[in-house]
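My notebook is open and I want to look up a few spots in this structure.

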Amino acid sequence: MAGVGARGRLGSAADAFVSNAKNGNLRRAQLSFLGAWTAEWAFTVGLGIVAYRDGGATAVGLVGLLRMVPSAIVAPLLSPLADRGRRERVLVVVSLARGLFTAAAALIVGLGGPTPVVYALAVLSTVAATLYRPAHSALLPSLCHTGYELASANVVRGLLDAAATLVGPLLAAVLLGFTGVSVVFAVAAGASLWAASLLLRLDYDAPPRPAAPTQTLLGSAVEGIRTVRRDRDISIIMSLAAAQSFTRGALTVLTVVVAIELLGTGEPGVGTLTAAIGAGAVLGSLGSSLLLGTQRLGAWFAVGVALWGVPVTLIGVFPQQIAALALLACVGVGNSIIDLAGFTLLARLASDEVLARVFGVLESLVALSIGVGALVASLLVGGAGVRPALVTVGLLCPVVAAAAWRSLRRMDKSIQVRDEDIALLHGLPMLHLLPLPAVEQLARGLERVDVAGGQVVFDQGDVADRYFVIESGQVEVIGDGQLVATLGPGQGFGEIALLRQVRRTATVRATSELAMKTLRSDCFLPVLLGYTPSARTAGTVVESMLDRFAPREPPREDPQPPPIG
């Protein structure tokens, strides 16, 4: 049985990569992410070298903070743009801007221009990079139909993130060995422009969103922050992400200092150490693909966060090059687990209408935490030395992961219940084509109703205000006194009156103990009719039902509320 389970997990892992490759929209979106993040890592290594030459470890930390503070401010303010229209357009704009700013930095370095100008361009490039991930994270659910498919997309993106973490720094290391920082920046600019070009060909039906903004950008941004503050589960994910990002920022300083001062491997060693994180992330992504379908993403998220800290502490204890490379690879493994679990959890916890704003708050928090981490690490190195700094920084993540363990396990149980509701809804023909954000919105609105055998659910001519889905039991549909149909588990009823805005066209009576989930019309209709493929299918279903039975009697004039709902 264990062998069968392992084969099943391997099959699921393979399916994740195959499905993303076959889906043209997902493929282009994922490759764009690869280009964007290869650019980010190569640029980060090059900028670290510029700063270290300019003022040592303190300069690296200050530049890291300088890059991230503006991004922390701008990300939540501009991320609402991705909630107001097609999200790939935001991605194209920020990728183009990022490529141009990076290219300008390459020109300044190549001409021997002033480093403050390079730092200013780095700030602008980082602001654009910070806006990329929220829009991309909010776009992916719209290209998926189930929670499993979204987890698959996050696994693939995690692998590409890992590949970028490996390729970007290695490319920088090779270029630094043979050319210089200006070439590193130029290659990063080219990767950003390639990322933009891929997104121009996306073709998909976006889930329904408000036709026009009702708030200013500032008001929309505040709403995103309020969403995070009100939702305890989202706040916990954000707190753990902040701890992980603080450590990531510290590593931008510590990898430079460890390579040059502690291990004596020189400037190319900075790229090598950073690439070790990427190598571990590639292996971790392949391993995390085996977690698809797991009901413990919260628990694995805690493991991933812990893996960002424990290895860093151990490098301070065992400051050897081979040990450092192996331990940083473990950090990469933790990063891959976070990519799968953390982003999937956030996408499942937040509603689609504010999803980009929630991810914008995340990016703001991440950017600020990275900047603070870089500054704190530089101060620790200057005040206590490299090894104590490594030990101190590394303790943060495992401590906060342990504190959040119970809350994360509770989230796992909650999402498991919602997945069961989503599976029930996706089994209905008119809802089968809905993307995950839309069907998740319906699942949040489901209410349970139990009906005893022989009881009427509603009578012909009643006012309609709900749609019904059967979990267990059976009903008979009676129109004009004649049996029209018998329905059982996994089937729905009540859509004709809602879609045609008429009274109930038939009586529905339970023939056994009946357990149902219901959706109020104000929840059901906007989602169903706002998404073109599902609206078209719903129309076909209704026409088919009316061909089978058309009520002869006109609806009653006096409103009669249904017995249930």
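**T227**

I started with T227, which counts as buried because its relative accessibility is 13%. Buried means under 20% relative accessible area, exposed means over 50%, and partly exposed is in between (1.4 Å probe, protein chains only). T227 sits in helix 7, residues 217-230. Helices here are DSSP runs of H or I with at least four residues, strands are runs of E with at least two, and both are numbered from the N terminus. Leaving out residues up to four places away in sequence, I found T227 touching V354 and V358; contact means heavy atoms within 4.5 Å.

**A note on the model**

I have to remember that this is a predicted model, where local features need pLDDT of at least 70 and side-chain atom pairs count only at pLDDT 80 or more, while totals for chains, interfaces and linings use all residues. Residues are numbered from 1 along each chain as its sequence is written, and side-chain values use heavy atoms, with hydrogens and water left out.

**Two helix pairs**

Two packed helices are described by the angle between their axes and the distance between the axes. The axes are lines fitted to C-alpha atoms, for helices over the stretch in contact, and the angles run from 0 to 180 degrees between N-to-C directions.

I looked at helix 5 (residues 147-178) and helix 9 (residues 266-288) and saw axes that come within 7 Å and cross at roughly 160°. Helix 5 is therefore roughly antiparallel to helix 9. For the cut-offs, I wrote down that under 35 degrees is roughly parallel, over 145 roughly antiparallel, 65 to 115 roughly perpendicular, and the rest oblique. Helix 5 and helix 9 make a left-handed crossing, meaning the near helix is turned anticlockwise from the far one by less than a right angle (clockwise would be right-handed). Among the residues in this contact are G158 and A162 of helix 5 and G271 and A275 of helix 9. I sorted the contact of helix 5 with helix 9 by class and got 15 nonpolar, 7 polar and no charged residues. In that sorting, Ala, Val, Leu, Ile, Met, Phe, Trp, Tyr, Cys and Pro are nonpolar, Asp, Glu, Lys and Arg are charged, and the others, Gly among them, are polar.

Next I took helix 12 (residues 321-349) and helix 15 (residues 405-426), which pack at about 60° with axes 11 Å apart. Helix 12 and helix 15 are therefore oblique to each other. The contact uses L345, R348 and L349 from helix 12, and M411, I415, R418, D419 and I422 from helix 15. Here I noted 5 nonpolar, no polar and 3 charged residues for helix 12 with helix 15.

**Aromatic rings**

Which residues do ring pairs link into a cluster? I found F33, W37 and Y132. Rings of Phe, Tyr and Trp (its six-membered ring) pair if their centres lie within 6.5 Å; planes under 30 degrees apart are stacked, over 60 edge-to-face, and the rest tilted. F33 and Y132 have ring centres 6.3 Å apart and planes at 45°, so I wrote "tilted". W37 and Y132 are also a tilted pair, at 5.9 Å centre to centre and 45° between the planes. W37 counts as buried at 5% relative accessibility, and Y132 counts as buried at 1%.
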